Every structure is written in C-alpha cells, then in structure tokens.
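This briefing looks at strand pairing and at the packing of nonpolar side chains. Please keep the sequence and the coordinates in view while reading.

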Amino acid sequence: MSIAAPPEVFAALADPTRWRVLDLLATRGEGTATTLAADLPVSRVAVVKHLGVLDRAGLVAGRRVGREVRYAVRPERLDETADWMRQLASAWDARLAALKALAEEAED
Amino acid sequence: MEDQIARDVVIAAPVERVWDLVTTAEHLGTWFGDDGADVDLRPGGALVLRWKEHSTVHGRVETVEPYSRFSFHWLTGGCDTPTADEPADGTSTLVEFTLAPEGDGTRLTVVESGFSTLALSPAAREERFASHTGGWAFELGELADHGARVAA
C-alpha cells in the first residue's frame, strides 16, 4: 500500500448533495455556485460550502473569471481513490487465497 | 465502487474448519498477519494482528456467531499507517466475515466497510447518521473518466 488513504475524499463524497455537485460538474465540465444552485434543491450559499469541502479534498478546482469562480472536477483525486480501493481489494484477494490454500491442505 | 469492499471465495473445506482458520489466533497470524495474532473471541474482545514488515494492528471484535459470522473493527488507516491505538467507531473500518455451506465446501465472504466515516469528526458523524444521508454507491472511476473526458 503506497498510496495514502484518502479518508477526506470519502468524507467529502459521503454527502449526497456534494455528490450531485460533483456529478453536475463532471457532466458539464464547469460550473459556478450560481449555475449549480439552479439545478439543486439547496441555496447558492450551501453550494459554496459544498464546493469548499470538495476543493479542500482535492476533488474540484476553481478559477476566477471576472466576478465569478468557475469550478471543474479534478479527476486525479478520484482516480487515486479508485486505485486505493482496488489495492485494498487485491490485498483481500491475496489473504483469501492464502486462507483457501491453508483450509484445503490435508486436514491434520 | 462503493464505500466498501466485498470479496468472496469458495473453499473446499467444511465451515467448521474455515471458522477455525478465520477466528483463531494461531491461524489468523499466518494467513492474515504473518507474525502472529491475538484474539479474544467475544464481542468487545481485543484483536491484534502482527506483520513482520508493517508492525502491529489493533482491532476490536464486534460479532461472533459461530460458523456463520465474525466481524471486527480495525485501524487500517489504509493499511499503510497502522497505529497502536484502540479503534473507535468512525476512526476504523469494519471487517465482516460471513460463512455459508456451499456443496461440500464453504463460501466465505469478506466485506470491509466504513471508509467514508474515517475522516469525520464525532459531531459530523452524529449529524450524518441522524439525517440518514449515508449509503452512497457509485463508480468513482467512471466519474473520474467522465470528468477527464469533459475536461479534455
């Protein structure tokens, strides 16, 4: 296991509204708190907070254009998390294979 | 991908033997850890797994249903930052083994869950459980790919 555990990513994604925000950004490529709030059952202020959490977890990045901040998904962090989950799954596969071999050895 | 990992394996041995291998220190210290283990096999009991190269991981037994279910919390920290502290809810993941007879053998399923609570403060966890907002299931990789495509 060489990749650091990304608990902050899981925590950021655990909220369904934040997941929607991320999903909308992934679909559209870019969005502002205002345009995102138009498609979500929450206020613009709430969207700003969610974007802050996603930003701190490294899942989105914002760039200032004039008076607005446009956000986009940063796929690297999601890829890292997916890799991390795959590594954990591989570790379990290896353990279960070892257990199976042990169990199927001639019994005593 | 969900906030859990589920794997299973069919083993050509009876559930009694598999249960023995999964729950006794003698065996856990070989196929799971590689440098011994301690298990106090009762709910709340202490679990210790040792690795020659990694150090030691502490856990706490949660469920013991002979020949069918064994679970424990442990401090994986992603397997690369084991710590000697006592695991607490929300700072550890839950590992659950389920055994079921299948033909002449046993199907062993392992589910490790709770990754999404690893980084939450106690207050945040309470709020989250109170509002029943957990239980997401999605494909991280798919979204990442999608994000990459759109960003390209």
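In this predicted model, strand S5 (residues 69–74) of chain B pairs with strand S6 (residues 93–102) of chain B in the antiparallel sense, over 6 bridges. Within that pairing, B:Phe72 has B:Val95 of S6(B) as its bridge partner.

**Strand S5(B) and its other pairing**
- S5(B) is mostly covered, with 5 of its 6 residues buried.

**Nonpolar cores**
- The largest nonpolar core holds 37 residues, of which B:Trp31, B:Phe32, B:Trp74, B:Phe97 and B:Leu108 touch the most other members.
- Helix H5 (residues 75–104) of chain A supplies the largest share of this core, namely 9 residues.
- Apart from this core lies another one, of 22 residues, which includes A:Leu13, A:Leu25, A:Leu40 and A:Leu51.
- In soluble globular proteins, nonpolar side chains tend to be buried together.

**Surroundings of B:Phe97**
- When neighbours within four places in sequence are left aside, B:Phe97 is in contact with A:Trp92 and with several residues of chain B, including B:Phe70 and B:Phe72.
- Other contacts of B:Phe97, counted in the same way, include B:Val22, B:Trp31, B:Phe32 and B:Leu108, as well as B:Ser68, B:Arg69, B:Thr109 and B:Val110.

Note on methods:
Residues numbered from 1 in each chain as written. Chains lettered and ligands numbered in written order. Predicted model: local features only at pLDDT ≥ 70, side-chain atom pairs only at ≥ 80, totals over all residues. Heavy atoms only, no water. Core = buried A, V, L, I, M, F, W, Y, C linked by side-chain atoms within 4.5 Å. Buried < 20%, exposed > 50% of the residue type's maximum accessible area, 1.4 Å probe, protein only. Helix = DSSP H or I, 4+ residues; strand = E, 2+ residues; numbered from the N terminus. Contact = heavy atoms within 4.5 Å. Pairing = 2+ DSSP bridges.
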